Amino acid sequence: MRHGEGQGMSLRPSRRRRAVRAAAALVLLGTASAFPAPASASPAGSAAGSVPGGLAADARAPKVAFTISDPRITESSGLAASVRHPGIVYTHNDSGGVPKVYALGPNGGVRAVLTLAGAGARDWEGMALGKDEQGRPAIYVADIGDNLGGAWPYVTLYRIPEPAQLRTQSIQATRFRLKYADGPRNAETVMINARTNRLYIASKLFSGALYEGPARLSSGRSNTLRKIGDAPAMATDGAFAPDGRTCVIRTYFGARLYSVDEDGRPGKSIRSVSLPFQGQGESITYTADGRSFLAGSEGQNQPVYEIPVPDQAKPSPAASPGAKAAGKDNADEGHNDPGNVRTGLFLALAIAGAVCFGLVRRRGGRGT
């Protein structure tokens, strides 16, 4: 079945797809048992002031910001913290769902449901906040997943205005067709720079790449995404800081923080960031004040963790985004165990699970 852009259709996951997803999740969960408990209680610092990998301790340890318990949200695959509505965090489900964005309150409860009229929900994988052509606040949702490894000739970005009054409603969506200059690929990471309003997408799997959209998106023709650099392997989400000075890209294993160049592009790596272990960690964003990250996972009743932004990247005039932390810097690679044997086993099994996932999707997905 072809993706009918003008038909707004939704492809629901087949039994095979659900089984494969479950198997992949079990691989990740099973391999985690080879480790001591990850630093979910204190990945940014322990009572002794030390952290995995020898990074300097931050002032606060991560905590559960809230739990997504609404039964309608079972595959939260994107997060975006609202600046217009303090305390509100937007999320959406992954593939095969309906084109809806959920506005969550500080306790994780749904405050409003925004339906994207005229949109499809083939494989929603991420979201970001930005502006429209008139500079008004807008919500962007990215239908950019492609587990068949290049089956879709183009992918889609949807935009709706962020409503001034937060209530359940249907809002007409503007669609932007996206094509990669070097051919189709799978991706789950979408980011929009708050200063430039420019779109960036990071491809997934092992040869990750970072792509940049045109300076201004067009709804009347295809928008070409051009590679501008590399991205972490297995990137599952990312976000720019509200002030546009830094950005973060997460994987299943952790996250990496980057400075942002004067032209608005992601620049040099600042440091890695440890994340609490999550069964299928596919979302990350900054809080509205830019002082913390929020990290979530697919699944029912999943906690969303609040992790402190490293001191050198906090929104302060004295902050220096280019500063480097002392010691080893590999928390984003899952190196929370000083024994390289167990770390290697974890990565090898996770990669094997991902490869199997892609192969079975390629063989069976075309018939769904």
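Why does Arg271 count as buried? Arg271 counts as buried because its relative accessibility is 5%, and the cut-off for that word is anything under 20%. Keep in mind as you read that this is a predicted model. You can find Arg271 in strand β18, which covers residues 266-273. Now look for Pro310 as well: Arg271 and Pro310 are 39 residues apart in sequence, but in space their C-alpha atoms are 8.6 Å apart.

Begin with β3, residues 89-92. Val89 and Thr91 point one way from this strand, while Tyr90 and His92 point the other way. Strand β3 has β2 as a partner, and the two run antiparallel, joined by 4 bridges. To see one of these contacts, find Leu79, whose bridge partner in β3 is Thr91. Strand β3 also pairs with β4 (residues 100-104), again in the antiparallel sense, over 3 bridges. Here Val89 stands opposite Leu104 in β4.

Strands β7 and β8 pair in the antiparallel sense over 6 bridges, and Val141 has Tyr158 in β8 as its bridge partner. Strand β8 is also joined by 5 bridges to β10 (residues 174-180), and these two run antiparallel. Follow Leu157 across and you reach its bridge partner in β10, Phe176.

Next, turn to the aromatic rings. A pair of such rings is described by how far apart the centres are and by the angle between the planes. How many aromatic pairs are there? The count comes to 3. One of them is formed by Tyr200 and Phe240, a tilted pair with 5.6 Å from centre to centre and 50° between the planes. This pair links distant parts of the chain: Tyr200 belongs to strand β12 (residues 199-203) and Phe240 to strand β15 (residues 235-240), 40 residues apart. Both Tyr200 and Phe240 are buried. Another pair is made by Tyr286 and Phe293, and this one is edge-to-face, with centres 4.9 Å apart and planes at 65°. Tyr286 and Phe293 are both buried too.

The charged end of Arg177 sits over the ring of Tyr154, 3.9 Å from the ring's centre. Arg185 lies over the face of Tyr180, at 5.7 Å from the ring centre.

Finally, consider the empty space. Rolling a probe the size of a water molecule over the atoms shows where such space is left. The second largest pocket has a volume of about 430 Å³. Which residues are the closest to its centre? Of the 28 residues that line this pocket, they are Ala81, Val83, Leu129, Gly130 and Ala194. Several strands give two or more residues to the lining, among them β2 (78-81), β7 (137-143) and β19 (281-286). The largest share, 5 residues, comes from β6. By class, the lining has 19 nonpolar, 6 polar and 3 charged residues.

Definitions and conventions
Residues numbered from 1 in each chain as written. Predicted model: local features only at pLDDT ≥ 70, side-chain atom pairs only at ≥ 80, totals over all residues. Heavy atoms only, no water. Phe/Tyr/Trp six-rings, centres within 6.5 Å; stacked < 30°, edge-to-face > 60°. Buried < 20%, exposed > 50% of the residue type's maximum accessible area, 1.4 Å probe, protein only. Lys NZ or Arg CZ within 6 Å of the ring centre and 35° of its normal. 1 Å grid on protein atoms, 1.4 Å probe; cavity = no way out; pocket = protein on both sides within 12 Å on 5 of 7 lines; lining within 4 Å. Points joined across faces, edges and corners; volume = space filled by probe spheres on them. Nonpolar A, V, L, I, M, F, W, Y, C, P; charged D, E, K, R; others polar. Pairing = 2+ DSSP bridges.
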